[in-house]
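I opened this model to look up its salt bridges, strand pairing and aromatic rings. My notes follow the order in which I looked.

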Amino acid sequence: MAWTCAGYHSTATFSSLYPPVLQDCGFSSLRPQTLRLLNHPTRFSFSHQKGYRLPQSPSPFTILCLREPKAMAVTGRSWDKLILNSDVPVLVEFYASWCGPCRMVHRVIDEIAMDYTGRLKCFVLNADDDLEIAEDYEIKAVPVVLLFKNGEKRESVIGTMPKEFYVAAIERVLAT
């Protein structure tokens with residue numbers, strides 16, 4: 001999976017609990033010494049009371065963690081076109097931006113999207129932004145993965161599961 005992290009200089013203090021942006025970049029398991037060795041335009045220092053700290057600089061500090069998603073976003077506006085009228089089976093992950101387990105499922109869905117290129121389309125839908133679609137499919141909690149074929153819901157996987165659970169459901173849908 002391709003991750004890109006870019007840092008800009010300034011004074012910023014990060015929580016010692018590692019904010020999600022650092023966790024997503026894989027920084028949560030790194031020691032402060034290792035952070036200094038990374039190819040960043042600045043040096044980090046660490047204090048257990050203050051968290052990560054950057055030296056003074058005139059520009060504001062931001063960390064951008066971008067990954068190249070393999071599963072495209074779908075919304076209520078594009079639902080019919082991309083999901084219900086698709087000529088190949090479709091996988092849709094219903095997620096919420098605040099949901100930690102959803103981030104783990106995103107990674108699995110991205111892997112699946114690469115593995116099933118041409119045989120299955122993968123999408124993600126933010127259930128908070130498109131409540132009507134979530135209600136139509138009785139989504140009560142996230143993450144939920146639904147599989148569609150010929151515009152009909154065929155399978156569902158509720159919660160965070162190992163990749164094998166999703167693959168088994170996909171194979172059942174592809175076999176029918």
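The entries below go from the overall make-up to single side chains.

**Entry 1: ground rules**

I am working with a predicted model, in which local features need pLDDT of at least 70, side-chain atom pairs count only at pLDDT 80 or more, and totals for chains, interfaces and linings use all residues. Residues are numbered from 1 along each chain as its sequence is written, and side-chain values use heavy atoms, with hydrogens and water left out.

**Entry 2: overall make-up**

I looked up the secondary structure and found six helices and nine strands. Helices (H or I, at least four residues) and strands (E, at least two) are DSSP runs, numbered from the N terminus. I then took burial, where buried means under 20% relative accessible area, exposed over 50% and partly exposed in between (1.4 Å probe, protein chains only). Of the 176 residues in the protein, 38% are buried. The protein exposes about 10,300 Å², and carbon and sulfur atoms supply 54% of that area. These areas come from the Shrake-Rupley method with a 1.4 Å probe; for residues, only the protein chains shown count as cover. For contacts I used heavy atoms within 4.5 Å. Among contacts between residues at least 6 apart in sequence, 68% join residues at least 24 apart.

**Entry 3: strand E7**

I wanted to know which strands pair with E7 in the parallel sense. Pairing requires that DSSP finds at least two bridges between two strands. Strand E5 (residues 72-73) pairs with E7 in the parallel sense over two bridges, and Met72 has Phe123 in E7 as its bridge partner. E6 pairs with E7, also in the parallel sense, over six bridges. Phe94 stands opposite Leu125 in E7. I checked the burial of E7 as well: five of its six residues are buried, so the strand is largely enclosed by the rest of the structure.

The connection came next. E6, H4 and E7 make a right-handed β-α-β unit. Right-handed here means that, with the strands pointing away from the viewer, the path from the first strand over the helix to the second runs clockwise.

**Entry 4: salt bridges**

How many salt bridges does a search of the whole structure find? I got six, with the criterion being a side-chain nitrogen of Lys or Arg within 4 Å of a carboxyl oxygen of Asp or Glu.

I noted Asp87 and Lys121, whose side chains meet in a salt bridge at 3.9 Å, N to O. Asp87 lies in the loop between helix H3 (79-84) and strand E6 (90-95) and Lys121 in strand E7 (residues 121-126), so the pair ties together parts 34 residues apart in sequence. Asp87 is exposed at a relative accessible area of 67%, and Lys121 is partly exposed at 35%.

Arg119 and Glu171 form a salt bridge at 3.8 Å, N to O. This pair links distant parts of the chain, with Arg119 in the loop between helix H4 (100-115) and E7 and Glu171 in helix H6 (residues 163-175), 52 residues apart. I have Arg119 as partly exposed at 44% and Glu171 as partly exposed at 37%.

For Arg172 and Glu155 the N to O distance is 3.0 Å. That pair joins helix H6 to strand E9 (residues 152-158), 17 residues apart. Arg172 is partly exposed at 42%.

I also logged a network of salt bridges that links Glu111, Asp115 and Lys163.

**Entry 5: aromatic rings**

A search of the whole structure gave me four aromatic pairs. Rings of Phe, Tyr and Trp (its six-membered ring) pair if their centres lie within 6.5 Å; planes under 30 degrees apart count as stacked, over 60 as edge-to-face and the rest as tilted.

Trp79 and Phe94 form a tilted pair, 6.1 Å centre to centre, with 55 degrees between the planes. Trp79 is in helix H3 and Phe94 in strand E6, 15 residues apart, and both are buried. The ring centres of Tyr137 and Phe148 are 5.4 Å apart and their planes stand at 90 degrees, so this pair is edge-to-face. Tyr137 is in the loop between helix H5 (131-136) and strand E8 (144-149), and Phe148 is in strand E8, eleven residues apart. Ring pairs link Trp79, Phe94, Tyr137 and Phe148 into a cluster.

**Entry 6: Trp79**

Trp79 and Leu125 are 46 residues apart in sequence and 9.3 Å apart in space, C-alpha to C-alpha.
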